[in-house]
Amino acid sequence: MSGQSLPEVAFGPFQLEVRNRRLFKNGIAISLGERALDVLCALVAANGALVTKSELMAKVWPGVTVEENNLQVQVYAVRRALGEDGDSRGYVRTVSGRGYRFVGDAPAAGDPRTAALPAQEIRYCRMADGVHLAFATLGEGSPVVRAPVWMSHLEHDWRTTVWREVLDALAGAHQLIRYDARGMGLSDRNVEISFEAGVSDLETVVNALGLKRFALLGMSQGAAVSIAYAARHPDRVTRLVLAGGYARGPLVVTPERAAAVEAMATLVSEQWGSDNPAFRQLFTSLGFPDASAAQIHELNELQRVSASGEMAARILKMLAYVDVSAHLAEVRAPTLVLHSRDDAWIPAERSREIARRIPGARFHEIAGANHVVLPQEPLFDSYIATVMAFLAL
């Protein structure tokens, strides 16, 4: 905090005019709803002290009984306006089970959230059904399109060390094109989803960019969409890289697990958006057993800000029934398939199946258990070098 007293408070690059109810960042006004402004003003006025949830709700909704999730929505809006991903660092801190407090010191140097975002260009394109998707371009060279992964956010991806190193490498040698899937990230959220719509969305994005031929990168859930696109448009995909993916969803491979998937989807819908990251951490710890505490935090928060619990549950159930195995033999692009040997999210056998059935595909098995190879792993440099060398051929 700057030491200033109300009605004007400065913290980091932000200035809050309490009397005029305006928030600025580096002198530029930031749009923030009335309720979210009430939350921010109440927290700032407490001068670092804990403000309980009941106290906040009484201040923001005086004389009205509201559910706690209404407060969580407004806290999220405040954090988003302040450029925050997390609930344990940053200006608005969660005090587990009790409430929130405002900490005026800027995030510590070295925190991935303090690193400047790359100068990517973010634009929108409209799908045939009226849904708007956000896409970003960065770098120069031959184009590489990355299909959406399990949870993505065009801005917050860069604030995770897990993704930033990979994206930096790709954008350093190519024009990197990414987009947030429908229902996710900066794209329209409350929309209908289906696998077929996902393939159509990829078609629309590359057409909006005027791309004639390009390399296609499908990681995790993006592999199936990439396979379907490459089979339909063999003349447009120059090279296909599939990492940690599958052609058949879990309920296609093991349909007897339907009840388990439904139960998990119910938990996701109810617990995903909670300030307590414990539930999201189940996903993170399973997929990234060697991640540091900071990386787990980053991934937990990336999942939280990428989609609502209801949307994450719908995506989970939709992906369980994906099956593009019949199209594998139709892929004509040179293909590189990679997978971590002991991946617990998606078994390596799913990628072996892909490599066996795509004509001429190369399979590269990585020693390790992380769904995406982590930057601190000894094999990370060779993993990136393998992908970059293949794209350069």
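A salt bridge here is a side-chain nitrogen of Lys or Arg within 4 Å of a carboxyl oxygen of Asp or Glu. This is a predicted model, so local features need pLDDT of at least 70 and side-chain atom pairs count only at pLDDT 80 or more, while totals for chains, interfaces and linings use all residues. Residues are numbered from 1 along each chain as its sequence is written, and side-chain values use heavy atoms, with hydrogens and water left out.

Back to our pair. Aspartate 129 sits in the loop between strand 8 (121–126) and strand 9 (132–138), and arginine 182 in the loop between strand 11 (175–179) and helix 5 (195–208), so the pair links distant parts of the chain, 53 residues apart. Helices (H or I, at least four residues) and strands (E, at least two) are DSSP runs, numbered from the N terminus. Arginine 182 counts as buried because its relative accessibility is 7%; buried means under 20% relative accessible area, exposed over 50%, and partly exposed in between (1.4 Å probe, protein chains only).

Strands 8 and 9 form a hairpin with five residues between them, and glycine 130 in the turn has a positive phi of about 95°. The two strands run antiparallel and are joined by six bridges; strands count as paired if DSSP finds at least two bridges between them. Is strand 9 mostly covered or mostly open? It is mostly covered, with six of its seven residues buried.

Strand 5 pairs with strand 7 (residues 99–102) over two bridges, and threonine 52 has glycine 99 in strand 7 as its bridge partner. Contact means heavy atoms within 4.5 Å, and angles run from 0 to 180 degrees between N-to-C directions, with axes being lines fitted to C-alpha atoms, for helices over the stretch in contact.

Helix 3 (residues 68–81) has another partner: its axis comes within 9 Å of the axis of helix 1 (residues 34–45), and the two cross at roughly 80°. That makes helix 1 roughly perpendicular to helix 3, because angles of 65 to 115 degrees count that way, while those under 35 count as roughly parallel, over 145 as roughly antiparallel and the rest as oblique. Helix 1 brings Arg35, Ala36, Val39 and Leu40 to the contact, and helix 3 brings Leu71, Gln74, Val75, Ala77 and Val78.

What about other salt bridges? The whole structure has 21. Glutamate 203 forms one with arginine 232, the closest N and O atoms being 3.7 Å apart. Glutamate 203 lies in helix 5 and arginine 232 in helix 6 (residues 222–232), so the pair ties together parts 29 residues apart in sequence. Glutamate 203 is buried at 18%, whereas arginine 232 is partly exposed at 40%.

In another salt bridge, the closest N and O atoms of arginine 352 and glutamate 365 are 2.6 Å apart. This pair ties helix 12 (residues 348–357) to strand 15 (residues 362–366), as arginine 352 lies in the helix and glutamate 365 in the strand. Salt bridges with shared partners join Arg341, Glu349, Arg352, Arg356 and Glu365 into one network.

Finally, visit leucine 374, in the loop between strand 15 and helix 13 (380–392). Leucine 374 counts as buried because its relative accessibility is 0%. Which residues does leucine 374 contact, leaving aside its neighbours within four places in sequence? They are Val162, Phe288, Asp290, Ala291, Gln295 and Phe380. The C-alpha atoms of leucine 374 and glutamine 295 are separated by 9.4 Å, though the two residues are 79 residues apart along the chain.
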